[in-house]
Amino acid sequence: MKHSLYAGAAAIALMAGSVQAQGELLHAVGDGSFDWDGFQAFADAHDLSGESLTIFGPWLAGEGQSFENLVAYFDEATGADSSYVGSDSLEQQILIDAAAGSAPNLTVFPQPGLAANMAKNGYLTPLAEGSADWIKDNFAAGQSWVDLGTFENAEGNRDFYGFFFNVNVKSLVWYIPENFEDFGYEVPQTMEDFKALMEQMVADGETPLCVGLASGGATGWPATDWVEDLMLRTQPPEVYDQWVSNEMKFDDPRVIEVIEEYGSFTRNDDYVVGDADDTAAIDFRDSPKGLFDSPPACMMHRQASFIPAYFPEGTELGVDADFFYFPAYAEKDLGTPVLGAGTLFTVTNPNPAAEAFMEFLQTPFAHEIMMSQDGFLTPHLGANPENYANDTQRGQGEILTNATTFRFDGSDLMPGAVGAGTFWTGMVDYSSGAKDAATVAGEIQSSWDAAK
Amino acid sequence: MSDIAGTKPALRWVVQASVVLLVALWVIPTVGLLVSSFRTADQISGSGWWRSMFPSEQNLTLRSAAPETQVQQGDLYVIEGTLFDDDQQAAISRWGISAREVDAYAPGETAELRRGGTITVDADGTYRMENAEEFSGNRGVRVFVTATQSPEFTLDNYRKVLFSSSGDDSMGRAFFSTLTVTIPATIIPILVAAFAAYALAWMEFPGRALLIAAVVGLLVVPLQLALIPLLKFHLNIGIGKGYLGVWLAHTGFGMPLAIYLLRNYMAGLPRDLIENARVDGATEFQIFTKLILPLSFPALASFAIFQFLWTWNDLLVAKVFLIDATGQTTVMTNRIVELLGTRGGNWEILATAAFVSIAVPLVVFFAMQKYLVRGLLAGSVK
């Protein structure tokens, strides 16, 4: 009796297992302002009937679904049988799978650092000839993207491995337009205006900023974003690159100055919600909620483009909440630098379908379908911005395509022990008032020396 | 003697008080989790679960109906409605229309709108906007209210966890895959370990003590060490990633504890019993099946509980040996992680998923818990 029950359960599980989560074709072929000609041309050039493709990436839930919807179009065009699996522990799992030889065809890495390691161990296959040139010509700030996707392989040769797809912009300040209206505030165009606005808010008895640095084991990362953003606003991009590669030491006076600059925003009881020493105890996911309090706990929140996911339910972007570009100093003449991050596609187990999918990602169509869903930004110049799902996303996309300088999140490029270790903890020490900027910078530098 | 007898009630009192304390320590967080699983994300971040049972005074930001709903009454353009949803019960004590002063007006008072016109809000949330000219724009005005709200609970979280997205991808499928992983992964190690434990406890052969020492030594080897070599091995011999692989992996990882636990229990069984059976001409296999197995039932059951709970809650082994990039297989723990989303932080989903996933282990535990303590103690205390 018991055994037949188990057998029954197993049979049901196996049958249920054969049904698969699938994306759907959001728009019928030919509908809307998408690049259907490009889609058709791609479909005509590729016939992959009977081929299968596995893709492994970091996106779960809604984001994963959006990507599956894109994969559905690829299957529609080529006849391939593709599947996407998301994981929040991709970093560990891909290492195990690659080492054991069961890697998926394509892997989407959340940061270039990990992909660089994989390339060094010989687990990645370089992208087709000409991919790098294509990126240079078709992405805004193309050379930055090529450099970010180029890694050393086991023999020490540099090759182009990573195609950036799904980018987010970090240089954003979120606010509630109606609150600004109630108080008569204007969106600041320069950093000087931004600081004057903060003073104005304090004079009105309001708190300018909501800052939250807590994020479980990654506590401190929002502060590293602040420092990187301010670095790009006070120093030329070349200095930023030297800093990220440690040609300029972490305890250089210029770095200390930037950390202190960060402190001038957040180490001031008047400027932040609660005690300035406590920002590291506030969860970054909860921190934006202060904007929506009644009466508002704070007026502005500097955070990347993904943060609306943590706004209260039913918040309509562009009306209930909006963003402006975290402005640059007018006097420094450094243009409009943009800090961002993104995920990159790599080939971990080559087959014809994987090659075709990488070509598919070059079509404007692939970007447009993703743009029409939430939370996707692209530097692809050929993709039609009309396809963005809403004005907020379009605005962020424009920040990306108009950037005079694009720099990748520096902490993701530094060695893991620093960028995902001492830089985070150091910023927590500094933010809680335990140590001053010079001490923190010195400690981070010595951990960097130790990591070499 | 009377002194000692006299201390007993006090001692008993201390024991009972500490039991109550321990129970409270365990139950309070669980109740909090249960209550949270019926609240929305906004409620969870807004106030603690212990306040959710009582009416609470809250500052809310609400919005009037959009100008497109206005009607003309005589010379006036009017928008009427209620700020709350139909099923919401609340009493407004103060209200305002600017973030500057959210409690500027009492119910029944009338405020001048910045863009022209007036608004009157009553205590029950009904409002009336009047304007000599047409209301413009496409959104209603914000109304800040200080209101006392009755408690509110929702089943949406359970709906989302159990039946979310495309139906075939829901918890139901993951539930059956988890059972498919868990049941064989509990039975196989018990079968193998029972034989081994009997041999190690009652059969004389050279090197027995060394073998026992080796098994005990294996208890301290972390399974993470074996992940990559074992997966490589599985791929080489053609098992690949799948149910068979995950059963074998769980069996292997559970074996040292199983053998150790069962051997200690079996070694404690009375020697006379087994020797009598031998004298009566019973074979080793008969002794094992007719005597040892029935007598070892508490130990078998307690190990079964351990192994079942561990494989039920396992994510690591399933991710390495079962879940491949085709997305055909999943387990409940993995499904819960997926529901949490890329950046985590969905407390309402976490609380709900926790309650869904502990349902089966609770049943197993209560069905077999009388063996748990007996089996554990019998192995260690002689």
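Which strand of chain B pairs with strand β1 (residues 56-63) of chain B, and over how many bridges? The partner is strand β8 (residues 142-149), and the two run antiparallel over 8 bridges. Strands here are DSSP runs of E with at least two residues, helices are runs of H or I with at least four, and both are numbered from the N terminus; two strands pair if DSSP finds at least two bridges between them. Across this pairing, Leu60(B) sits opposite Val145(B). β8(B) also pairs with strand β4 (residues 90-96) of chain B, again antiparallel, over 6 bridges, and there Arg94(B) faces Thr146(B).

A word on the model: it is a predicted one, in which local features need pLDDT of at least 70 and side-chain atom pairs count only at pLDDT 80 or more, while totals for chains, interfaces and linings use all residues. Residues are numbered from 1 along each chain as its sequence is written, with chains lettered from A and ligands numbered from 1 in the order in which they are written.

Turning to chain A, there are 18 helices and 11 strands. Its C-alpha atoms fill a box of roughly 65 × 60 × 50 Å along the principal axes.

Chain A also has an open, antiparallel sheet of 3 strands, ordered β8-β7-β9. β8 (300-302) and β9 (322-325) of chain A are at the edges with a single partner strand each, so one side of each has no neighbour in the sheet. Between β7 (residues 172-175) and β9 of chain A there are 4 bridges, and Trp174(A) stands opposite Phe323(A).
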